[in-house]
Amino acid sequence: MAASEENSALFPIFILTIIALPLVPYTILKLCRAASKKTKSIHCECSVCSRSGKYRKSIFKRISNFSTWSNLTVVLLWVMMGILVYYIKHISREIQVFEPFSILGLESGASDSEIKKAYRRLSIQYHPDKNPDPEAHKYFVEYISKAYQALTDPISRENFEKYGHPDGRQGFQMGIALPQFLLNIDGASGGILLLWIVGVCILLPLVIAVVYLSRSSRYTGNYVMHQTLSAYYYFMKPSLAPSKVMDVFIKAAEYMEIPVRRTDGEPLQKLFMLVRSELNLDLKNIKQEQAKFWKQHPALVKTQLLIQAQLTHKTEALSPDLQRDFKRVLELAPRLLEELMKMAVIPRSAQGHGWLRPAIGVLELSQCVIQAVPLSARKAAGGFTEGIAPFLQLPHFNEAIMKKLARKKMRTFQELRDMTPHERAELLTQTAGLSAAEAQDVETVLEMMPSLTLEVTCETEGEEGIQEGDIVTIHTWVNLKRTNGLVGALPHAPSYPFHKEENFWFLLADPNLNNVWLSQKVSFMDEATAVTAASKAIEETMEGAGANVKETSSAVKEAVERVKSGSRLVMGKFQAPGEGNYNLSCYLLCDSWIGCDIKTSLKLKVLKRTRAGTRGGYAVEEGAVGLEDGVEEEEEIEEEEYDDYESEYSEDDEDNKPDTKKKGSVVNGKAHGQGKQSSSEGSGSDEE
């Protein structure tokens, strides 16, 4: 019984230990992450973003940001730990070491007469004949009698001095740190113990497994339904025009689950009249086109109209119920568009290539949704070769201001970015008619916009040239600079009601054949992950090249410094195709900003297989060159001109003809420079 009570007293300590082991290091990790966060704001601070309230740090928003499930769980567990510590310290009975002198109330080394005198005194108080209390009887037998015996009986005293107990050497005992009522298997306690074992060891893991499997059977790791991925994969086509990407995007199962109410009919009719010009309807047969539009599934109609409301800023016609659905549609949009992008670049052909044209269309749609800019604004019009979409993402800009800027012969968004702040302020205040405060808002947004460059290198490990069938490794350094000095930042998007991190997609593609050879998502928000990935990649590359430890360490250190200064390393491998010359393009496309995308050309020359050994049965040809040198490159440019893939929103005019001078130079497998701005680039003609 004493042993069971001792085990029962240890139960709170056992629970405290189980909670503290994961909780303490997890709490330290969260505090370190919170302390390491930059105090500098990474979101836009223009007046338009401030008025949107998206970044306003009110007391309610602070509480809301703190009140996440993980934070509340941590706080609750710390409260439980405090209660357990208090219980262990003040309520739980302490386990005392057997001390006969202390039990009899004597000091160590007391004489026999003092021992007998103390025993008689305690016997009068606790002896069963004097005190009928069961607890007094128990204390007298287990403590007072044993203490007296240990100090008076020679054998007991010898055992106490040798083994610390009057009964001699005590056997090794093991117990379970559980409450005593669970260890008592008599009566109802046995059933409680059985239920506890069944519940904790069987039912709880079973419930967790069922919940996990039921959710994983419906959703992917990105919290997108498997049904959505199936629909995207089925409807994605290589000739999908950017204007048709919307039709595939709205077929997500998440959007189909949004309820369509009877009360939504009239507000949606009004919204349809406001955004009708953006729906690509044939104006010659407008009645038939409208009837065809409304014959679609009600959920598809509703979703498309709500997205058009975002693109055209026509949200005033929405009812309160539609406002909630509108926010739900926009909340799901980024991750659905990301999965749609993956379905566009997923390997489809026998060579493992994806499709360039729909990939560009998906990112164009993503940019317009985040910036709330109509897709039609990408069309070349009014002398603007890239359309006015990049300008409309700036605060206080509208079509009237664009007409004023057109008089100054401004043709591209890059021209505005290339101006000095003084020249830009003069243009905006004197020509566009903006106030000084509004011009400062524009300057703030332009300082947030990233300027990107690419450094691309293609090579085969251990070989000088590239031959058909070789595994080609592409190293790309993506460099980002902002005027305000930030690396990772949130884009200026006052009309998008949620926080959205900017992401970039690197594509190595053949625009002539509409093939994506390699794709990778790039983010500048998580520096620690980028440092780890770059260090590992450089280390593996250097070891594969046979470099020594010092050279490897130096290369890794240099890569880490580049990552911290605002660069990201993109590495990938692909199998070299058949013999021939390939005019490839490296795209870096943003999913949030309009007008900051870049494109760099890369000429790849693949030679006929001549190597012997593990990679072929041919003789080795010394001095084979995989990528053309500068002289050969100029000849190929003259002999093999190719047309760029232009978005359907740009007209085919002289400004859209290939300009080899603007493309990044490619010499011996290396492409450097800023490349060509390609924010309005698509992936082919609109014929389907």
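**Salt bridges and cysteines in a predicted model**

Let me start with D325, which counts as buried at 7% relative accessibility. Buried here means under 20% relative accessible area, exposed means over 50%, and partly exposed is in between, with a 1.4 Å probe and protein chains only.

Some ground rules. This is a predicted model, where local features need pLDDT of at least 70, side-chain atom pairs count only at pLDDT 80 or more, and totals for chains, interfaces and linings use all residues. Residues are numbered from 1 along each chain as its sequence is written, and side-chain values use heavy atoms, with hydrogens and water left out.

Now the charges. Side chains of opposite charge can pair when their charged atoms come close. The cut-off for a salt bridge is a side-chain nitrogen of Lys or Arg within 4 Å of a carboxyl oxygen of Asp or Glu. How many salt bridges does that rule give? The count is 15.

Back to D325. Its salt-bridge partner is R261, with the closest N and O atoms 2.7 Å apart. R261 sits in the loop between α13 (253-256) and α14 (265-275), while D325 is in helix α17 (residues 320-345), so this pair ties together parts that are 64 residues apart in sequence. Helices are DSSP runs of H or I, at least four residues long, numbered from the N terminus. R261 is partly exposed, at 25% relative accessible area.

R261 also forms a salt bridge with D264. There the closest N and O atoms are 3.3 Å apart. D264 is buried, with a relative accessible area of 0%.

Next, a pair within helix α17. E331 and R328 form a salt bridge, the closest N and O atoms being 3.6 Å apart. They are three residues apart in the helix, which means a separation of about one helical turn. E331 is partly exposed at 37%. R328 is partly exposed at 37% relative accessibility.

Last topic: cysteines. A disulfide needs a pair of cysteine sulfur atoms within 2.5 Å. The count by that rule is zero. C49 is in no disulfide either: the nearest cysteine sulfur belongs to C46, 3.7 Å away. C46 is buried, at 0% relative accessibility. C49 is buried as well, with a relative accessible area of 2%.

Technical notes: Helices (H or I, at least four residues) and strands (E, at least two) are DSSP runs, numbered from the N terminus.
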